[in-house]
Amino acid sequence: MAKGITRRDLLKLIGGSAVGLMLTPIPWKVLDETAKWSQNWSWTPVPRNGKVNFKHTTCYLCPMSCGARVRCVEDQPVSLMGIPNHPISGGGLCAIGLGGHLLPYHPSRLLQPHRVARENGRIKIVPISREESLSAVTEAILSSKQGSIAILDGQPKRAISFAYRKFLAGLTNGVYIVPPIDAGVPAELTLRVLGERNLSIGFDMENTRTILSFGAPVLDGWGTLGQFSKIVRNRTGNNKLKVIQVESIHSRTAQLADQWVPVKPGTEAAFALAIANVLINEKLCDAQKLRTHSTDFDNGSGHSFLDLAEKFSPASVAERSGISEDKIVGIARELVSQPGADASPARKKPSLVAFGGATFSRDEQIIFMDLNILLGAIGTKGGLIPRTELPDPIGGRLTEETPLTDVPDHSVRVLILDGAESGTLFPWQMLEQKFVPNSPVVVSLSPYFSGIALHADYLIPSPSYLESCNDSPTPAGAPTASYSISTPILPAPKTVVEPLDVIRRISAATHSNSGNEIQPLKELFKNRIEKIFKQRRGFVFDASTGETVKLTTIYSSGQLMKILSDGGCWYDKEFGVRSSEFGVLYSFLGRDNHGFEKLLAAADHHLGDSGLVLLPYAANVGQSHQLMTKVYRESNLREPGNEASINPETANKLELIDGGSAVVKTGNGISKVKVKFDRGIMPGAIQVAVGPIVTGYAETGEQNILEVCKISNDSTWRITKAEIFPA
Amino acid sequence: MANYESRNFSGIAEETNYRKSRYGMVIDVDRCTGCGACVVACAVENNVAPAPPAATDRTGITPIRVYKVDNGLPFPDIRSVFFPITCQQCEHHTPCVSVCPQNAVALDESTGIVGQIPVRCLGCRYCIVACPYHARYFNWWDPTWPAGMEKTLNPDVSPRMRGVVEKCNFCFHRLQAARSKAAIEGKKDIDPADYVPACVAACPTQAMTFGDLLDENSGISRLAKNANSFRLLENLGTEPKIYYRSDQEWVKRLAENDLTEKEKPNG
């Protein structure tokens, strides 16, 4: 027998070893370890350790004034949450508020002033010094006497808003512009109803029985977070609040409402007048009282509101609105019915009409308010209640508030964008048409290069949220007045500039307020808090204890200041203003009863059945915020601005493919979109979400569907005739 | 708050001497407004990195994700709801546990929480395939944040590395913190108010209720037994511990995957 190692033995050894190795943990361990080695890198961040502590502040990322509890590691905020029992926010925070501590590090954040250069359609931002930026703005203001100097204030009624108004009052051509509001009643309409300038109107929705909402997001972003969240929570049982949503768009509130009334676009006011018609003809309103309290309810002059309502019978409106006559009559009866035939007067709850302010014209809003008067909802618990405005923090002459729609076209030479989020989205064209033809200058004070700041010529960034001191006045639509302060948690970078410092510097350079200097912000807060303290009414919420006490138990304005600076809140008592049914003789048809033809035209605003219409859809501020993260997008909650939802029936006729590319064309331009089939969209309509294209966390895409929407003569942009083609 | 030794993302208790619990959740879809607060709160709490531009709906990470579903009827009869979907915390034949070759997934006997141990995960993604609820996500990219934002990371949770799977673990680190607090106070059991996942705490309409399903006196126990409460794909027999609630019949039928031909969902 031959001895020695043969080649076969070697092969056997290798083969046996290979098989045997597979039965040991070695290859699996190596595979596992290799995976780990290739996955763990030094650049993976390690969370910072340190002492955990909590601070309280107020969110000012939109006008809702929510209380925020900030969890910090040492001095660094690491998370935000609502403050339990907070009287305004009810312990909640919205999606953007919960991520507010990330915003100081957002890729769109600006850390120093810039000049914007536009060449061949490209935007280039060039860093400049603080002095250069302030000098450029001052020079622009002083350069010519033609055209006005305007400030657009995203959140009016703040202390700094009064500083802006004082600064502008010192100029001969200053204009203080306020944006349209989504929630609440515009100042002009409030004046017509209550007859007093220092009052506002709030919606007491918690005590309402039925809300007839015309496009107002009453269940997902209206008034205050605490208010609408509570309504959603309490919608159970037989005595629950009922919501009837009149809206062409299948919005979130339409989805959550008890009844969705998908009227054809543009027929909302006609629908409201048809409801009024039923209330009057079926004697479901107190006609005697209305005759007493109004100049034109039934005056036989030929310009009576009765004559107007008579022109909108349920049968005629059914045809144009697409809602059956029976349904219109049923809704009108529903609004005045009470649960149980023997409901005592004390237990009776009124119904109210809410309307998405910014999307409707002034005349349409008058018609909705008329319906509230017919329903007896003004000055009633559960209806529209008057509330006081907060005291002014500053004395002297102030420029009046001018709604954006009232600013004359081609009149603004220098526009300063305050940078605060108004919560209302509107097309840039609304501002653009106000500029003088030659070289207007736009200055943004926003901490970010996003949203309307993308149109600015100079960027002078202010501190970001949590870096700056700010105050939060009463949210629009809230039933009671309130006041809170946002205390900075983080130090602001030295290279950014507080908006008040910008104004004070320009004021000094232009000598616009010589001898009448604008006080520092903290002084303005102090003045306001002292005035609130002197009123000796309302309640104070202390965020550190979670308790609410009467203001009368607070011993000094200094103590009140401290509580508010620590995330607390002052709020007025319910029905802080004594009110009769409504303060003055009400004019249903508008000023001096001359609005008959105008209201008739507003209610007749119907595009007909031919052609497609583009309906821009603005979800609440969190969903359409320029700075919202991509994390949020991936949840399918945020519809991107380049996605056109369309009914499959309409899409098939136009040979569009679900998920395919298409082009939306309007009189104002084109927008490239991705088609999404959605059975919730009204046939004949194209619904596109307002907001940027989502491309990642640093989403600053300029395309926004509002830019191709047409602004009507009545300053609305909710309906635009459009075409859509496969791309 | 949790101590730093408890900084993990595993959801696996190291000791089992706690009172046996079965943590679960009831989500009232009729109250969900689709605001997205739960999604953001979860991402912030669990240090989920912003996805890169290339991420898609499937490759981004959302341990809780809100879908919009409808009754399938044409306009104007269409009705829809928002449906938050997270790990369903299956109690029985937990599919992801069964298939994991690395023992990186385990059902914690003391709490019923299905945990994921990233450092054990090989990234084979069998569990993603096995999960009937599409509630698991793979880390396709290194976790990176815009410059400076890494300072905002929650110190109680480690960022997961590229190449591993992750999912909701009911914010297990919050349970550890509650247990530490109870221990310091000399109590054997935690105060239920001390252990609430971030999504539940953030929900402004209180559409989500969390608690111990074994506690007969708890609100969640009563809600889970409500006639209008149901679970997703109950016919699979996995006994999920996430319950949903709706007064709308079509929503309940949708959960059973038992819609008539006329009512096929869009979502």
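Me: What follows helix 17 of chain A, and what is its phi?
Reply: Helix 17 of chain A is followed by A:Arg536, whose phi is positive, near 55°. Helices are DSSP runs of H or I with at least four residues and strands are runs of E with at least two, numbered from the N terminus. This is a predicted model, in which local features need pLDDT of at least 70, side-chain atom pairs count only at pLDDT 80 or more, and totals for chains, interfaces and linings use all residues. Residues are numbered from 1 along each chain as its sequence is written, while chains are lettered from A and ligands numbered from 1 in the order in which they are written.

Me: Which residues of helix 17 are buried?
Reply: In helix 17 of chain A, the buried residues are A:Leu521, A:Leu524, A:Phe525, A:Arg528, A:Ile529 and A:Ile532. Buried denotes 20 or more other C-beta atoms within 10 Å of the residue's own, with C-beta atoms placed from the backbone.

Me: Why do they line one face of the helix?
Reply: Seen down the axis of helix 17 of chain A, the buried residues fall within an arc of 130°, so they line one face. The arc is that of the directions from the helix axis to the C-beta atoms.

Me: Changing topic, in what order do the strands of the open sheet run?
Reply: The 4 strands of this open sheet in chain A are ordered 11-10-9-12, with parallel pairing. Two strands pair if DSSP finds at least two bridges between them.

Me: Which are the edge strands?
Reply: They are strand 11 (259–261) and strand 12 (351–355) of chain A, each pairing on one side only.

Me: How many bridges join strand 9 to strand 10?
Reply: In chain A, 5 bridges join strand 9 (residues 210–214) to strand 10 (residues 242–246). A:Leu212 stands opposite A:Ile244 in strand 10 of chain A.

Note on methods: A residue is buried if 20 or more other C-beta atoms lie within 10 Å of its own, exposed if 12 or fewer, and partly exposed in between; C-beta atoms are placed from the backbone.
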